[in-house]
Amino acid sequence: MTAPGAEGPIAAGDEPPATGAVRASAAGPVRTSPAGPASTSPAGPARPSATGPAEDQPSPPAPAEETTDRSSAEDGTAHAAPADEDTSPTRPTTDETTSAARTPPATRAKSEAFDRGLIAPMVLGSVLNPVNSSMLAVALVPIGRAFDAGPAQTAWLVTGLYLATAVGQPVIGRLVDAFGPRPLYLGGTALVGLAGVLGVCAPALWVLVVSRVLLGLGTSAAYPASMSLLRSEADRTGAESPNGILSTLSLCNQVIAIVGPSLGGALIGLGGWHLIFGINVPLSLACLVLGARRLPRRTGPHAAARERIDHAGMALFAGTLTTLMLFLMSPAPGRAWLPALAALLGAGFAVRELRAARPFIDLRVLGGNAPLLATYGRQFLASTTSYAFLYGFTQWLAEGRGLSASVSGLLLLPMPALAFLVTALTGRRAAIRSKLLVGATAQLAGCAVLLLLGAHTPLWALAALVALVGLPQGLNGLANQSALYAQADPARMGASAGLLRTFMYLGALVASVANAAFFAGGADTAGLHHLALLLLGFSAAFLVLSAADRSLRGPARRDVPQVTARL
């Protein structure tokens, strides 16, 4: 599925060429610039500076004659290449991990366009998670009846997938950085198929929960793999901002969110709730076939990262996040030991990462990358507000406003519809800051309108509010995704993309806690107004964080100053 406006190859000439040429070598990337000779870093690939994308500091394009070839990079010498010769490979192979030189558009070959054969496996893999999240919404009741389980027990089918995904995204993303996207993509999608078989044959509810956990882990591979592939293709083609592809991924996820419940209802009507799990088998097979046929066997300089995987750091990170999320799922004074344990594990994780030679998450470099940290913060704030509104407002429509489920469902349609339209219209625009400012303002306005709602608010006003909230739905997620692409270290793109999803799911959990707290006695109007006051604070913080981030001014580009850091 291709988003409107995303047709045609993403040619290198769509974005200004970066300053200097980049070539992979055995020691790491080699960067040349008009100001001096090529230099190598034995420690690994370069990292973004703490200032983020230097979009307000345009750099002149690098002369083509200063492109450094692979052989000269390995022996430490630089040789000039003719300006009219394109020495970059047309596609990564199993024997080469070189990145294409960024040459002026006039000298780039026609084949130097984004490999559109990658789009199908990227899109299909990335929708596995939202389709499994949305379909289950209509299956909880029949599953509870089948196993004689109440809502508190069936809720683990939802939280189990969220917990596994929040932990699995950055961990699997780091493995993508180390071993390349292909093996993790294929392994993850194969796990999705196995989880589907397990769910179909589940004899008890706890087996279904295990199946959902496996689904969360399996679906955690596709998004980091896709972001890593985008980074590799950008290095090969010189097209630094693949906004059309990013918007396509976002659009497809939104479409799945819209049709997921309907698809789930249709499957249940055809063969019962078992098909909710069984549908993963053909989806998994399709991903495996497309991935095996189209994904390159090696992309990017992953060899150095393979030397050592920080297993201890990954285990401490997973333990910290798991205990924290378990508490957030059901906060109570008797469970206060969980956040205490999370703090202890978190401290151990910090000590480990600061001492490790090649840490799972380099806290020093991450701490110095303020724009990326701000993006994670925005993702958390926006997700908390979005999920709290979606579920809180929906509950209020049924209990506080007294609408039927069918009418409530129709009232919610303008939100995903407008989000889809906004993403389609703005997806190819490189500007990030303007999207965030408009999205934050609309989100703030929507939360303020919640304070005006009552038991007799007309339906047209409710529909207008839902449409207003669709605007930030379409802008904020795409803008944060584009910001991460511009700000993250290319060598750790998978782990960085996984962390973005982790902050999204943390926001979802905080939203569920807020809804449970304010609607403890029922989803009445008073509880909705109290929830709105909390969401106004989150929205205001999101707006301030977006307005204060100077690194977002101008279009997203990767031609930023680089500093050397460890893999």
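Reply: **Salt bridges in their setting**

The protein chain has an average pLDDT of 75, and 74% of its residues score at least 70, pLDDT being the predictor's confidence in each residue on a scale from 0 to 100. This is a predicted model, in which local features need pLDDT of at least 70 and side-chain atom pairs count only at pLDDT 80 or more, while totals for chains, interfaces and linings use all residues. Residues are numbered from 1 along each chain as its sequence is written, and side-chain values use heavy atoms, with hydrogens and water left out.

Two stretches call for caution. Over residues 1-111 pLDDT stays under 50, although the model has 254 contacts there beyond four places in sequence, a contact meaning heavy atoms within 4.5 Å. Residues 555-567 also stay under 50, with 74 such contacts in the model. Where pLDDT is low, the predicted coordinates should not be read in detail.

Now to the salt bridges themselves. A salt bridge here is a side-chain nitrogen of Lys or Arg within 4 Å of a carboxyl oxygen of Asp or Glu, and by this rule the count comes to three.

One of them joins Arg 174 to Asp 177, with N and O at 4.0 Å. Both residues belong to helix α5 (residues 151-179), where they are three residues apart, about one turn of the helix; helices are DSSP runs of H or I with at least four residues, strands are runs of E with at least two, and both are numbered from the N terminus. Arg 174 counts as buried because its relative accessibility is 3%, and Asp 177 is likewise buried at 3%. Buried means under 20% relative accessible area, exposed means over 50%, and partly exposed lies in between, with a 1.4 Å probe and protein chains only.

Another salt bridge pairs Arg 352 with Asp 310, at 2.7 Å from N to O. This pair links distant parts of the chain, since Arg 352 is in helix α13 and Asp 310 is in the loop between α11 (280-294) and α12 (311-329), 42 residues apart. Arg 352 is partly exposed, at 33% relative accessibility, whereas Asp 310 is buried at 3%.

Helix α13 (residues 337-355) also holds Leu 344, which counts as exposed because its relative accessibility is 60%. Together with Trp 337 and Leu 341, Leu 344 forms a nonpolar patch on the surface, with about 330 Å² of accessible area in total. Patches are made of residues with over 30% relative accessible area and no salt bridge, like charges being joined within 9 Å and nonpolar side chains (Val, Leu, Ile, Met, Phe, Trp, Tyr) within 5 Å. The areas come from the Shrake-Rupley method with a 1.4 Å probe, and for residues only the protein chains shown count as cover.

There is also a salt bridge between Asp 549 and Arg 378, whose closest N and O atoms are 3.2 Å apart. Asp 549 lies in the loop between α21 (525-548) and β5 (562-564), and Arg 378 lies in helix α15 (residues 370-399), so the pair ties together parts that are 171 residues apart in sequence. Both Asp 549 and Arg 378 are buried.
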